[in-house]
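The sequence and the model are shown below.

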Amino acid sequence: MTEDSTDLFDDLFARRVVPVLVPMPAPKAYSYAVPEGMAVEPGSIVQVPLGPRQVVGVVWDGTDDGSVDPNKLKPITQVFHCPPLAKDMRAFLDWVAAYTVSPPGLVARMALRAPAAFDPEPMIEGLRLTDTRPERMTSARERVIETADNGFTWTRSGLAHAAGTSSSVIDGLTAQGVFETVFMPPPPVVAAPDPDYVEHRLEGPQKQAALDLLESVETGGFSVSLIDGITGSGKTEVYFEAIAATLKAGKQVLILLPEIALTASFLERFQDRFGSKPAEWHSDLAPRTREKVWRQVTEGGVRVVAGARSALFLPFENLGLIVVDEEHDPAYKQEDRVFYNARDMAVVRARIGDFPIVLVSATPSVESRVNGDLGRYTPIHLPTRFGDAALPDLGLVDMRKHPPELGGFLSPVLLRYIGKAVERGEQALLFLNRRGYAPLTLCRVCGHRFQCPDCSSWLVEHRFRGQIQCHHCGYAEKTPESCPECGTFDHLVACGPGVERIAEEVDRHFPDARTIVLSSDLMGVKRLRLELDAIAKGEADIVVGTQLVAKGHNFPMMTFVGIVDADIGLANGDPRAAERTFQLLSQVTGRAGRTGLKSLGLLQTYQPQHPVMQAIVSGDSEAFYEREINEREKALLPPFGRLASIIVSADSRADAEGHARGLRQAAPRVSGISILGPAEAPLALIRGRHRFRLLVHGRRNSDMQAFVKTMMERGPKVRGSVSVQLDIDPQSFL
């Protein structure tokens, strides 16, 4: 052995080998060498070479399996100066990857979404008063010195603002040695919440519910509480008490909300209770703010986070409580790359971390109701509205008996009550869960229908923007003046209503009323927040909105709610259609009368005898849940059975269908698990890709993950344009 080869051997021997999980769809962690003098541990966030690139990774649990020649291993290039991912966080990421049958690197990527935060935030330059005084004293200088004479360190701009002077005065004093430069840690994203900021006075059922919840929280350890209370019953104030108890114990809190970017009222209620707002986490945050929140969460500086589903993957330093508000909401389901339900994964995270979780809803999911009935969750029921505010009176408008005028969509009954609310100086809300002006445009001469060239869906007219648009791929074109098929002018007709068309009809009947249209198509998050705030302040008479209006908003002057098309959610093959319709319509009608004013909700329907409609107007939610649970149990649908959806897509129909059939043939024969399909998906073409679906159905104790993994391994290899999406516990059946 030569001297050079001996040195190489010694160098390799001195280096350790560790598994590193990189954010890519690899089936396992890669092995990397740890250079001499570098210290790493499981959870350390590192930078490693991957091909020609440098990527971020996480040192994972386990040891090198020896399958790679040590001479070929690349070394870790950098260890970032931030806390490592904790053991329970790593266990959670492993669990999510195994349950969703996803590459673990893609799951870990969700916890590493702020790479600029991996190094410490830079210190901030500050000023501190010395014993030196200026040669010449002016009134401005005197104010500055008096302001700074408290021993605190100030920023240059902060001191100038507090003293009511310009920054040049500060610079002059610094040049004379009156101030010395010191470095301060960066300020917190939000001030620390004070659990004793106000003494919250709950009454009656709310007080008892808070005591029951505190018993679970203060006992410690894993538990699941389900707060089931009607709209306006004080559910938020009840779980605020659990948050206060967790903060007093020195732990962090995560609050999941389905639309945190739009719920400014929640942030204000939190501030009223705790003296400061929680840190926000959602996709509309500025990148720099996201980085600050991520870093301060990992270091424990941020005590409470209110966020969308992705906040579940923040690496908290000492998480002690999770609250999932509106736990039934479909927005908790992610359907991109890693398919997961944040509500269910939040329960898993609490179990792994051994701390309590609180699920909250006025209309709980059937799964949560069953878990409560079986004793897996602790149910906490709030049967009355806070402050004895009355629930709205609810009624059905049979559209067969009270049809709208020709060309309209609002029945005379609905229009009459809208007029009464406006006359009283109160507000009316019209709900239609359909964006745009009309869902279909066709030619009255030749029957041509405007369809997306890349999807099997109609183009939706957006008259306010002068476009027809596809809501699946985003394709849009200018609203045509003539039919492209026959060339006829002025014979294009809009079929069916969207919120824009309802607003047009409202303006025709109530020209003097102030009308606001709430839809994600029309404005960004900031504009929506302003509009919601304006409604809460009474600056609108009539609101026309999509499901955005059902997200827990508090409109004090809202006394009438009209559902334009209550049947819209029932007309599809989704096994959760009845449940979702019941939840959505109950949430919308619950916007009325929250401050005690007498209120009314009317639902326009062609199916007044449908169990969903009867359950809503009768207020007998128990009868609805009992019926829905029985139907699910008979059909072995969740939570009494299990489902997995496999979508195969490709540029050509033949490739997609062929691969789907190959998967079906490769499926193992397992008792209690069956496969439906392959068949064309309801949306058979999206973005130019043909789609076929397989639906796997099994009993509750079926090992669905092992079944689909075996099918994938035995099935044809993914080649060419073919792509396969796997969704365990699907929520969408399109």
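How much space lies in the largest cavity?

**Basis of the model**

The model is predicted: local features require pLDDT of at least 70 and side-chain atom pairs pLDDT 80 or more, while totals for chains, interfaces and linings use all residues. Residues are numbered from 1 along each chain as its sequence is written, and side-chain values use heavy atoms, without hydrogens and water.

**Largest cavity**

The largest cavity holds about 120 Å³ of space. A cavity is a set of points on a 1 Å grid over the protein atoms alone where a 1.4 Å probe fits but cannot get out, and lining residues have an atom within 4 Å of a point. Its lining has 15 residues, of which His 328, Arg 343, Ser 365, Arg 576 and Gln 731 are the closest to the centre.

By class, this lining comprises two nonpolar, five polar and eight charged residues.

**Helix H6**

In helix H6 (residues 167–175), Val 169, Ile 170 and Leu 173 are buried, that is, under 20% relative accessible area, with exposed meaning over 50% (1.4 Å probe, protein chains only). They line one face of the helix, because they fall within an arc of 100 degrees seen down the axis of H6. The face turned away from the buried side carries exposed Ser 168 and Ala 175.

Conventions:
1 Å grid on protein atoms, 1.4 Å probe; cavity = no way out; pocket = protein on both sides within 12 Å on 5 of 7 lines; lining within 4 Å. Points joined across faces, edges and corners; volume = space filled by probe spheres on them. Nonpolar A, V, L, I, M, F, W, Y, C, P; charged D, E, K, R; others polar. Helix = DSSP H or I, 4+ residues; strand = E, 2+ residues; numbered from the N terminus. Arc of directions from axis to C-beta.
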